[in-house]
Amino acid sequence: MTKAHVSAHELVAGRYRLLEVFARETNRLWWYAEDVTAEQPRLVAQTTLPEPSADDTARRITARVVRTSETMRLLCPGQIATVVDAVVESGVLWTVTEWIDGTPLIELLDREGPFNVARAARTGLELLDVLQAAHDEGITHGELSPGQVFVRDSGPVVVTGFGLAGATLVPRLTAPSYASPEQARDERIGPAADLWALGALLYTMAEGRPPYRDRGRPDATLKAVDRLPLRTPLRTGPLTQAVQGLLRKNSRERLTRPVVREALIRTLDEDADADREPAPVPRLRGAYGGVRLAGREWSRGILAAGTALAVVTVAVAVLAAAHQLPGFGTAHAPARPTASAGPHTGGSAPASPTPAPSASPALPAGYHRYTAPEGFSVALPDGWKRLTTSRVSGAYRVTFGRDGTSPTLAVTHSERVGPDPVAVWRDDVEPGLQRLPGYHRAGTVRATTYQGYRAADLEWLAGAGDARVHTFGRGFLTGGGDGFSLRFTTPAATWDVAANRLALRTFLQTFRVPQD
């Protein structure tokens, strides 16, 4: 186990004040920290490297962590921790991330015990979304463990640790209990190693203990992973076949992603009644309550700003809404591309009956909550207003913006959509989008979840030159044929600027469906 050999009063890299250790794994500690330069809350991972690092090696390690994390953040907005800095000092890799409004899975399990199988399946689906996006881009995580997964009280899990695998010559830096057999043998790894880790996480969430216990020394633990049989799971219920299929020693025999996804969704459908427990209240929120930074208390405003920046969007999903509603997935583009390239919302029974949270999160400066006559609410930037409203029987779309030019936010509701959000995007919406000039899909159509509801993702670009726009959507099924979607569109050239990133995060964090 890594020891906290630094003083809480020392500054890492001359700017990060370490405050408190809140999670531990083999060779790894998580700290609450403050960036004294930016005056922002941070989370800092302290990873002990197994061998001395020359300057060029240290630069390669830190560059790899930052580069891979940034690539994944763009692929999965809201589900990847934003790495703001990485430093190697005295044989330790310090990875600095923005505030994550969540609790490490390792701490949550230690504090609350095992999950029911429905909750484990839902968490597994969220992790599978991230892994699929990574694997489609040729990226293997290689270090997935309960210490790399943060569970939030609203929205999907956030994953950290991308870029660690291969940073040194050892097969696994942290949590050898979750290493795959091929990692234990120090062989070349690929996506199958991540699927093994997913199986190990599902096992741990249901059983309350890892499939292979930590034997105190990484080499002894890795040897057990490679050679010992799997401890028979007792609490995995309908997840048992999926867990055992993922934890096959031969990587070629492990279940594929589509098979795993089907098994997890089936578990949710079969065990929905058990998935009614309230989401955990993250310990992170209270940890700063009594902490004084540089001689002053953290103000509520600083915490709100840090949370709004870090509680990022989900790997967003937009579903097709009513096909009859003008502008949904059609190519009749008016002067503003944002009003023409609109995805739709789909709706049927949710993957779980968990409702959207009713508590309103703190808003960043310059935002206010807007409650629509239709009953939904969302936080908007000051100066934004309701621009257009389109209605047909059983569906409506409301567009918000400052003056009619992008960026804009479109909110869609439909009462008549199909049961499969991925199929709605792929078969109903995208054929119309493909008629838009310059249409290009970014990534794949992916199933996901949002606030406990079944959802799907689509992101695309359209137009050309200065008129080219980038659209990112989220949609979810709220039951009884109802569904909502959010669609955020900006000029392509300014898609990733800080103000637009904050806007998207805030929309997705604060949107609330009408309350019956």
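**A buried aspartate and its partners**

Let's start at Asp 35, which is buried, with a relative accessible area of 2%. Buried here means under 20% relative accessible area, exposed means over 50%, and partly exposed lies in between, using a 1.4 Å probe and protein chains only.

Before we go on, some housekeeping. This is a predicted model, where local features need pLDDT of at least 70 and side-chain atom pairs count only at pLDDT 80 or more, while totals for chains, interfaces and linings use all residues. Residues are numbered from 1 along each chain as its sequence is written, and side-chain values use heavy atoms, with hydrogens and water left out.

Back to Asp 35. Which side chains does Asp 35 meet in a salt bridge? One is Arg 15, at 2.8 Å from N to O. A salt bridge is a side-chain nitrogen of Lys or Arg within 4 Å of a carboxyl oxygen of Asp or Glu. Arg 15 sits in the loop between strand 1 and strand 2 (16–25), and Asp 35 in strand 3 (residues 28–35), so this pair ties together parts that are 20 residues apart in sequence. Helices and strands are DSSP runs, numbered from the N terminus: H or I with at least four residues for helices, E with at least two for strands. Arg 15 is partly exposed, at a relative accessible area of 26%.

The other is Arg 42, with 3.8 Å from N to O. Here, both Asp 35 and Arg 42 are buried.

Look at strand 4 (residues 40–48) and strand 6 (residues 92–98). They pair in the antiparallel sense, over seven bridges. Within that pairing, Thr 48 has Val 92 in strand 6 as its bridge partner.

How many salt bridges does a search of the whole structure find? The count is 18. Another of them joins Glu 112 and Arg 119, whose closest N and O atoms are 3.9 Å apart. Glu 112 is partly exposed, at 41% relative accessibility. Arg 119 is buried, at 4%. Both belong to a network of salt bridges that links Glu 107, Arg 111, Glu 112 and Arg 119.

**Strand 21 and its neighbours**

Next, strand 21 (residues 482–491). Eight of its ten residues are buried, so strand 21 is largely enclosed by the rest of the structure. Strand 16 (residues 408–414) runs antiparallel to strand 21 and joins it through seven bridges. Strand 20 (residues 469–479) is also antiparallel to strand 21, with ten bridges.

Arg 474 is buried yet has no salt bridge; Asp 457, the nearest side chain of opposite charge, is 7.2 Å away. For charge, Lys and Arg count as positive and Asp and Glu as negative, with His and the chain ends not counted. What does the side chain of Arg 474 reach? The backbone oxygen of Leu 508, at 3.1 Å.

**Two positive phi values**

Last stop. Most residues other than glycine have a negative phi. Gln 451 has a positive one, near 50°. Gln 451 is in the loop between strand 18 (446–450) and strand 19 (453–462), and it is buried at 5% relative accessible area. Asp 186 has a positive phi too, near 60°. Asp 186 lies in the loop between helix 4 and helix 5.

Methods: Pairing = 2+ DSSP bridges. Polar contact = N/O pair within 3.5 Å; in protein donor to acceptor, adjacent residues only side chain to side chain.
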